[in-house]
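Here is my note on the model you passed along, written as numbered points to read beside the structure.

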Amino acid sequence: MITREVGKAWQFFRQKGFKETLFAREAPFLIQFGKYGVCGVISVVVLLAVTWCGRQLYPELFALTLDPAKRSFHNSVLQFIAFVPSNFTAYYLNRWLVFTPGRHSTKVELTLFTIISLISFSLGLVVPVWLVNAYNIPNGAADLSFVISSALVNFVCRKFFVFEK
């Protein structure tokens, strides 16, 4: 099965070339998922850049010497602030490069995309708070757990509920 999917992706790439493959929304699963992953990485970079800036501007709110409950609360607030530009980045990149828009109007599409993102984001916030409070782990490790737990939900929901025609 994997060999067949790799073969489909390779054949598609060879026929279309890099540029056409990049902009093809109707592509084999592995290509579509790969582009989704790249869009996700860019979105995560935006999220991490915003959280990094927040920690640089207000280091006293994230110091490891701070009470873990306060630190995890500050981390959650900062993650929520970073969610906004990260979500817009993910939406526009996915709409442009990965999924075929048109099932809904752009307004409804963005609303559904954001609702799904908020749900997975909220669920993703639970894990870092628990890890910081229960195990006093560093913020970076908590952020990584947040990213992984959020990403698991998003591809399926976006593909089948937001963009699928």
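This is a predicted model: local features need pLDDT of at least 70, side-chain atom pairs count only at pLDDT 80 or more; totals for chains, interfaces and linings use all residues.

1. Let us begin with the largest pocket, whose volume is about 350 Å³. Its lining is made up of 20 residues. If you want to find the middle of the pocket, look for Gly40, Ser43, Val44, Ser150 and Asn154, which lie nearest its centre.

2. Which elements give two or more residues to that lining? They are helix H2 (29-57), helix H3 (68-98), helix H4 (106-135) and helix H5 (139-163). The largest share, 7 residues, comes from H2. By class, the lining holds 10 nonpolar, 9 polar and 1 charged residues.

3. Helix H3 deserves a careful look. A straight helix of 31 residues would span 45 Å at 1.5 Å a residue, but H3 spans only 39 Å between its end C-alpha atoms. Where does H3 bend? The bend is at phenylalanine 83 and amounts to about 35 degrees. A proline, proline 85, follows within four residues.

4. Helix H4 gives another picture. With 30 residues, H4 reaches 42 Å from its first C-alpha to its last, which is close to the 44 Å expected at 1.5 Å a residue. Serine 117 has its place in this helix. Is serine 117 buried or exposed? Its relative accessibility is 3%, so serine 117 counts as buried, the cut-off being under 20%. The C-alpha atom of serine 117 is separated by 16 Å from that of phenylalanine 99, and these two residues are 18 residues apart along the chain.

5. The phi of asparagine 136 is near 50 degrees, a positive value in a residue other than glycine. At 42% relative accessibility, asparagine 136 counts as partly exposed.

6. Turning to the aromatic rings, the count comes to 10 aromatic pairs. One of them joins phenylalanine 80 and phenylalanine 83, with ring centres 6.5 Å apart and planes at 10 degrees. Why does this pair count as stacked? Planes under 30 degrees apart count as stacked, and the 10 degrees here is under that cut-off.

7. Both of these phenylalanines lie in helix H3, 3 residues apart, or about one turn of the helix. Residues three or four places apart in an α-helix point the same way, because there are 3.6 residues a turn. Phenylalanine 80 has a relative accessible area of 45% and is partly exposed, whereas phenylalanine 83 is buried at 9%. Phenylalanine 83 is also the residue at which H3 bends.

8. Tryptophan 130 and tyrosine 135 make an edge-to-face pair, 5.4 Å centre to centre and with 90 degrees between the planes. Tryptophan 130, at 48% relative accessibility, counts as partly exposed. Tyrosine 135, at 54%, is over the 50% cut-off and therefore counts as exposed.

9. Finally, have a look at the cluster of Phe29, Phe33, Tyr36 and Phe99, which are linked by ring pairs. Phe99 is the residue whose C-alpha distance to serine 117 was given in point 5, 16 Å.

Notes: Residues are numbered from 1 along each chain as its sequence is written. Side-chain values use heavy atoms; hydrogens and water are left out. On a 1 Å grid over the protein atoms alone, a cavity is a set of points where a 1.4 Å probe fits but cannot get out, and a pocket is an open set with protein on both sides within 12 Å along at least five of seven lines; lining residues have an atom within 4 Å of a point. Grid points are joined across faces, edges and corners, and a volume is the space filled by probe spheres set on the points. Ala, Val, Leu, Ile, Met, Phe, Trp, Tyr, Cys and Pro count as nonpolar, Asp, Glu, Lys and Arg as charged, and the others, Gly among them, as polar. The expected span of a helix is 1.5 Å times one less than its number of residues. The bend at a residue is the angle between axes fitted to the seven residues ending there and the seven starting there. Rings of Phe, Tyr and Trp (its six-membered ring) pair if their centres lie within 6.5 Å; planes under 30 degrees apart count as stacked, over 60 as edge-to-face and the rest as tilted. Buried means under 20% relative accessible area, exposed over 50%, partly exposed in between (1.4 Å probe, protein chains only).
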